[in-house]
Amino acid sequence: MKKLVTLCLAALLMAGGLFASGSQDEAVPVDENGRTKVVFWTSHTMSDFDAMEKVVKDFNASQDEITVEIVQVVGSETDTTKLMTAVVGGVGPDVYLLDRFTVAQRASEGLLVDLTPYMEEEGDLGSNYVDYAWEEVNFQNHLYGLPYDTDARVVYYNKNLIREAGLNVAEWDAANGPMDIESFKKACFAMNKTDGTGAYTQIGFNPFIDQAWHYTWAFAFDADIYDASANRIIMADDPGMSEAFQFLYDWSKDMNPQKNVTWESTYFPPNTPPSNHPFITGKTAAVVTGDWFLRTLEDYGKDIDWGITYIPTPDKSKSSWSGGWSLVIPEGSKVVEAAYKFMRYFAGEEGQMIYVRDTHHLPTWKSLYDNESLYSANHTFFKNLLPYSNSRPAVPVGALLWDQLTVVQDKMELASEEPVKALVEAQELVNNRLKQIR
């Protein structure tokens, strides 16, 4: 039902230009001091939200024409139902934090304001940003957002749990490079523990939780997902992709799918607070996650002897992937010019410096990579990983592709369908949608 509602709202937005951004016959909202009011929605929480709130306060104090109000709106990377509903109802935000890989799709649906005219007034704005992040906010040679942050993914490991299993913790050292898949799997299975009923009380690793997403394993197996020249999703045709999902299928089968899912629902259910993360509570010895987890360990993992290393790959090559968020202006905003000014500050050098320092995310503003004061030794490991990191294809079906890959991954976790069959079904569905976009 959620997907049906989203499609219907998208159709409304695309049908005949439902809104005129910044229309002159509509009253511009102001605060009690007569400043133009900009409403900013974000789904981020905890330290990420705190850092964003700090950036907003700094922007409000930096000038006397605009006041930005930051609002937490719970949501996920690919679910914009609340946003679409608000936009159709005329009560949408002026700035929205949108997962960057979905920008092309939301632009194709008519949800976002084209920012090209504002960008062109500044000259070569894109040269300030990391290339793949800038590519993700452009669609059909038009700009629809400003890239805000980026990241990379690694394996965090608990040295004490490795030692307790009688394993050599030195083999996990990043100085040795990535572990191969089979060696990693053997070590992780040696750390599994069960109770009297056979239920897992501790596992070495779960390849389905946190940031161990489908893209993690697709890139680890050097898979191709999209053929730009043919404008076609090719994931079911690429041997690396089928090998990646076969790896997940086999891992689940060897763990026992039901026992693995039971462990997950017990120790890492949805909306688990950081303090109860299974890596923090010692229920898993290793986890794939991002640079932001450094902050979590600072807050909750002071007693853990931990390290970070590369994601395992079949050939021991270095692999990671980078995502990040973007600031966009949804259609219907009455204050587009003011909203863009805020976005430039927030996604520029000033705003990103605050965010990187407070959250341990990585910037998209290139010059900040030269500011060594922003990076601890562990954070520098992530920064140095970027040359080996991949990004998701910037396609106008990015959200749909993610959701379908998640469906396939869920099938692998349950070992309910063979990898190739599941990939073919997902590829056909996504390509059918891609063909409809001009």
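The questions below concern a sheet, the helices on it and a pair of helices.

This is a predicted model, in which local features need pLDDT of at least 70, side-chain atom pairs count only at pLDDT 80 or more, and totals for chains, interfaces and linings use all residues. Residues are numbered from 1 along each chain as its sequence is written, and side-chain values use heavy atoms, with hydrogens and water left out.

Q: What makes β2 and β6 edge strands of the open sheet?
A: The order of the five strands is β2-β1-β3-β16-β6, with mixed pairing. Strands β2 (66–72) and β6 (146–147) each pair on one side only. Strands are DSSP runs of E, at least two residues long, and helices are runs of H or I of at least four, both numbered from the N terminus.

Q: How do you know that β3 and β16 pair?
A: Pairing requires at least two bridges found by DSSP; β3 (residues 95–99) and β16 (residues 325–328) have four, in the antiparallel sense. Within this pair, Tyr 96 is opposite Val 328 of β16.

Q: Which strands does helix α13 touch?
A: Helix α13 (residues 336–346) packs on the sheet and touches β1, β2, β3, β6 and β16. Contact means heavy atoms within 4.5 Å.

Q: Why are α10 and α11 called roughly perpendicular?
A: The axes of α10 (residues 239–255) and α11 (residues 257–267) cross at roughly 90° and come within 6 Å. Axes are lines fitted to C-alpha atoms, for helices over the stretch in contact, and angles run from 0 to 180 degrees between N-to-C directions. Angles of 65 to 115 degrees count as roughly perpendicular, under 35 as roughly parallel, over 145 as roughly antiparallel and the rest as oblique. The two helices, α10 and α11, are therefore roughly perpendicular to each other.
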